[in-house]
Amino acid sequence: MLLTLLAKVRSRRFAAWRRERPVGAAVLAVLGALELLWLPFAGFPAAVEVAGVVAGAGLSTSVPLLVTATMLLTHPRLHTPVGITVLALALVALVTCNAGGMLIGSLLAGAGGVWGFAWLPPGRDAG
């Protein structure tokens, strides 16, 4: 009985926390960054370039992408500049990281950046 009550309280707190942040945008940006980071180390024949160069480009793009995705969760008031930064990093990854992680990583991160830019805090009208 007590555990059920505690679970409900935690669930409500998490739902309230989640509503105040662009969680979906952050998840898409993290998925894009992880895909950009994972592809060079996977050893696919589709990895066109030398592993060292691709790994460096993947790290130099995906680590800032992970940081900015974390900023979307921790500082939701900065969603506009952080969303633009995520989108810019996704475009940079398209050029530097094996065609943007075979396009999937850049598309995921780009969608997260656009969503983070367009997200509105609760209680704020779009008009």
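Author: In this predicted model, the buried residues of α4 are H79, V82, G83, V86, L89, A90 and A93. Around the helix axis they cover an arc of only 120°, which means that they lie on the same side of α4. An α-helix has 3.6 residues a turn, so residues three or four places apart point the same way. On the other side of α4, L91 and V95 are exposed, each having over 50% relative accessible area. The length of the helix can be checked as well: at 1.5 Å a residue, the 18 residues of α4 should span 26 Å, and the 25 Å between its end C-alpha atoms agrees with this.

The largest nonpolar core has 16 residues, and V86 is listed with L36, L65, L72 and C97 as touching the most other members. At least two residues of this core come from each of α2 (23–42), α3 (51–74) and α4 (79–96). With neighbours within four places in sequence left aside, L65 is in contact with V86 and L89, and also with A29, G32, A33, L36 and A109.

Helix α3 also holds S62, which counts as buried because its relative accessibility is 0%, where the cut-off for buried is under 20%. Leaving aside neighbours within four places in sequence, S62 is in contact with A33, L36 and L37; A33 and L36 are also among the contacts of L65.

How values were computed: Residues numbered from 1 in each chain as written. Predicted model: local features only at pLDDT ≥ 70, side-chain atom pairs only at ≥ 80, totals over all residues. Heavy atoms only, no water. Core = buried A, V, L, I, M, F, W, Y, C linked by side-chain atoms within 4.5 Å. Buried < 20%, exposed > 50% of the residue type's maximum accessible area, 1.4 Å probe, protein only. Helix = DSSP H or I, 4+ residues; strand = E, 2+ residues; numbered from the N terminus. Contact = heavy atoms within 4.5 Å. Expected span 1.5 Å × (residues − 1). Arc of directions from axis to C-beta.
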